[in-house]
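Colleague: I have not looked at this one before. Can you put it up and take me through it?

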Amino acid sequence: MDLWTDIGLFLATVLWVAMLVKLTRRWFQNSVLTGLVVLAFIAAMVPFNGLVIGSYVFSVTSYLSISTLLLLVAFIVLSCAGARCEQLLGYWHCRRQWRPTVMFFAISGLLLYPLAGGLTMFDPYRLGFAGSPGSILLPLYLMGWAIVCLLRGWYLLLLLIASAVLCFYLKILPSLNLWDYVLDPLVVIYSLLMLLKALFCKVFKFQYLNKQVF
Amino acid sequence: MRLALFFFVVLIFIPLLLQFSTPTPALAFSLERDAVLESALSDAPDSASSVQAAYREQFASSGVTREAHSAVQVRLSNGNMRAFWYGGTREGAKDVSIYTAELDLAVNEWRDERVLIERHDMSEQLGIYLRKIGNPVSMRDSQDRIWLFFVTVSFGGWACSSINFIVSDDDGQSWSEPTRLMTSPILNLSTLVKGEPFLYQDGSIGFPVYHEMAGKFGELLHLSREGKVLDKQRLTSGRSSLQPIVLPSDEDSALVYMRNASGAADSTLFETSTNDAGRTWSTATLSELPNPNAAVSGLRLTSGGLLLVSNNQHDNRNNLSLMFSDNDGQTWQLLHELEQEDNTPDIEYRFAYPALSQSADGEFHVLYTWNKTRIKHVRFNQQWLRERMESS
């Protein structure tokens, strides 16, 4: 296995641990949850039928984007830290930060994925390769979002976009396509579900539960 | 604070804008053959008119597996050919492995048949679960390394395939660790292979692939010498074209043929072309060549003519023919039927997945799936080809 595979396994392991945290956090105190996270990381490295658990997750997800990685890590850390990071938690649960974030991933996903099925000759994924025809559009699109984030104070989204771009420079992933650093199907599906949920609550006059983002 | 953030944003986006606004250097198709073939052809005895026409056929696989499918071949530095195919109890079964064997040109014998890629081993090397292994394709690059690309599936059907490759710099005696190509935004799924890769003049690789999830369409990957995906472009769109083959004619021009999966009663091969080394491709049209939803293979002769091996009928695969065009695919003539059998209610003949190549002695070799049980090898020399052209 090469370095890229190790990075992919790490990303998949973070997803596996986040899923466990999501499923179990309501039953455990923060200190117990922290122990569980450590156990989950160790368990992910235990071989099963020739492969570690992270490998099975990696088989399905391939390389997660940097955005997803950061969101998952933040979720795990804040779930374990609890009230000790009250200020950060308040920021994390702030609807003002989350709405533009899920909007960005939902819109970007809708721009990218439907056309990936070959509906037309235009392939937006190709814009992620530097130097391909029209590829300037993708950094312009991202910079546009970054500037709006700056002006509107959407710092969570700004952090995610900036991190993706920086990791693209550093070639953290084996891909040379910028899209692969910015988003992946998991964060897009999550964002679309969150938007549907908000829409549903608005239409049916339910209170939008902005305190349970994940 | 906001001003500092503004400068930060400017700082990280300016290099990105510069990088993405700089067009990639123009490419040119490489028409140079690898050193092995070039040196051999320059003094090929076959070019002499005294050479007798020769057409021989045999099996390349020994039948150790119940099924064998999707063979490809590559030239070795000793002049011999090496074949790769996959075999097992049935297509997609867990016991399917990729096999290899070497053709000793001097005695016309296939030898050293062995398993090259086994599912469990490959799974451990790639660090992912593999459900099945599929089509291999091979090529020899400008540094005389042999590349073997092959598809793997972790879950679902062939539409969920991903591409991997291994490289050998000692003619297939030893191989590198496998590398997985990143080719698709949807969990890196649905990129498959059949057509042979080709070289650009800068040593980078053009790799015809296809997509099979929701739509079915041909694509062209541009790979660096190290195997990184530098670009990906569509050759077609829609739901019925796949398994492209690329046949360059000069440094800027190439023809592409694609299998037709439309299911139409009068289906023919799709074709598209470029005159600017692949920066743009013409709108795909239907050629005059019948195609029963089956893969084709071809090569361009030094004379500029085109040779194609295809199932020369609109349905069923009980025919496999050698076709020739001397006007860049505008018209085709049937040179020879490699296989022609009549199906009966009890027996359905299937001759498919041809791979046409030229060996170091200038002879031509066709490998193809023979009734899905064996890999058949047909070999003919240039004199035989000349005689067929004259008599057709």
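Colleague: Which residue follows α3(A), and what is its phi like?
Modeller: Keep in mind that this is a predicted model. Ser62(A) follows α3(A), and its phi is positive, near 55 degrees.

Colleague: And which residues of helix α3 of chain A are buried?
Modeller: Helix α3 of chain A runs over residues 53-61, and its buried residues are Gly54(A), Ser55(A), Val57(A), Phe58(A), Ser59(A) and Thr61(A).

Colleague: What covers the buried residues of α3(A)?
Modeller: The cover includes α1 (3-24), β2 (51-52) and α10 (185-203), which belong to chain A.

Colleague: Changing topic to cysteines. How many disulfides are there over all chains?
Modeller: Zero, from a search of the whole structure. Cys167(A), for example, is in no disulfide, and the nearest cysteine sulfur, on Cys149(A), is 17 Å away.

Colleague: Is Cys167(A) buried or exposed?
Modeller: Cys167(A) counts as buried because its relative accessibility is 16%, and the cut-off for buried is under 20%. Cys80(A) counts as buried too, at 9%.

Colleague: Which three residues of chain B supply more of its buried area than any other three?
Modeller: Phe20(B), Met182(B) and Arg234(B), which together supply 18% of the area that chain B buries against chain A.

Colleague: How many salt bridges does the rule find across that interface?
Modeller: Two between chain B and chain A. Asp231(B) forms a salt bridge with Arg126(A), where the closest N and O atoms are 2.8 Å apart. As for polar contacts, the count between chain B and chain A is 16 residue pairs, with both residues at pLDDT 80 or more.

Colleague: Are Glu102(B) and Arg82(B) buried or exposed?
Modeller: Both are buried.

Colleague: Where do Asp171(B) and Arg140(B) sit?
Modeller: They meet in a salt bridge as well, with 3.2 Å from N to O. Asp171(B) is in the loop between β8 (161-168) and β9 (179-180), while Arg140(B) is in strand β6 (residues 132-140) of chain B, so the pair links parts 31 residues apart in sequence. Asp171(B) and Arg140(B) are both buried.

Colleague: What does Arg145(B) pair with?
Modeller: Its side chain meets that of Asp141(B) in a salt bridge, 2.7 Å from N to O. Asp141(B) is buried, with a relative accessible area of 3%.

Colleague: Which residues are linked in a network of salt bridges?
Modeller: Arg56(B), Asp361(B), Glu363(B) and Arg379(B) are linked that way.

Colleague: One more region. Where is Asn291(B)?
Modeller: Asn291(B) is in the loop between β18 (285-290) and β19 (297-300) of chain B. Asn291(B) is buried, with a relative accessible area of 0%. A polar atom of the side chain of Asn291(B) lies 2.8 Å from the backbone oxygen of Ala294(B).

Colleague: And what is Asn291(B) in contact with, leaving aside neighbours within four places in sequence?
Modeller: Its contacts include Arg259(B), Asn260(B), Thr268(B), Asn311(B) and His314(B). Thr268(B) is in strand β17 (residues 268-274) of chain B and counts as buried at 10% relative accessibility. Not counting residues up to four places away in sequence, Thr268(B) touches residues including Asn260(B), Leu286(B), Pro290(B), Asn291(B) and His314(B).

Definitions and conventions. Residues numbered from 1 in each chain as written. Chains lettered and ligands numbered in written order. Predicted model: local features only at pLDDT ≥ 70, side-chain atom pairs only at ≥ 80, totals over all residues. Heavy atoms only, no water. Disulfide = S-S within 2.5 Å. Buried < 20%, exposed > 50% of the residue type's maximum accessible area, 1.4 Å probe, protein only. Buried area = accessible area lost by both parts, 1.4 Å probe. Salt bridge = Lys/Arg side-chain N within 4 Å of Asp/Glu carboxyl O. Polar contact = N/O pair within 3.5 Å; in protein donor to acceptor, adjacent residues only side chain to side chain. Helix = DSSP H or I, 4+ residues; strand = E, 2+ residues; numbered from the N terminus. Contact = heavy atoms within 4.5 Å.
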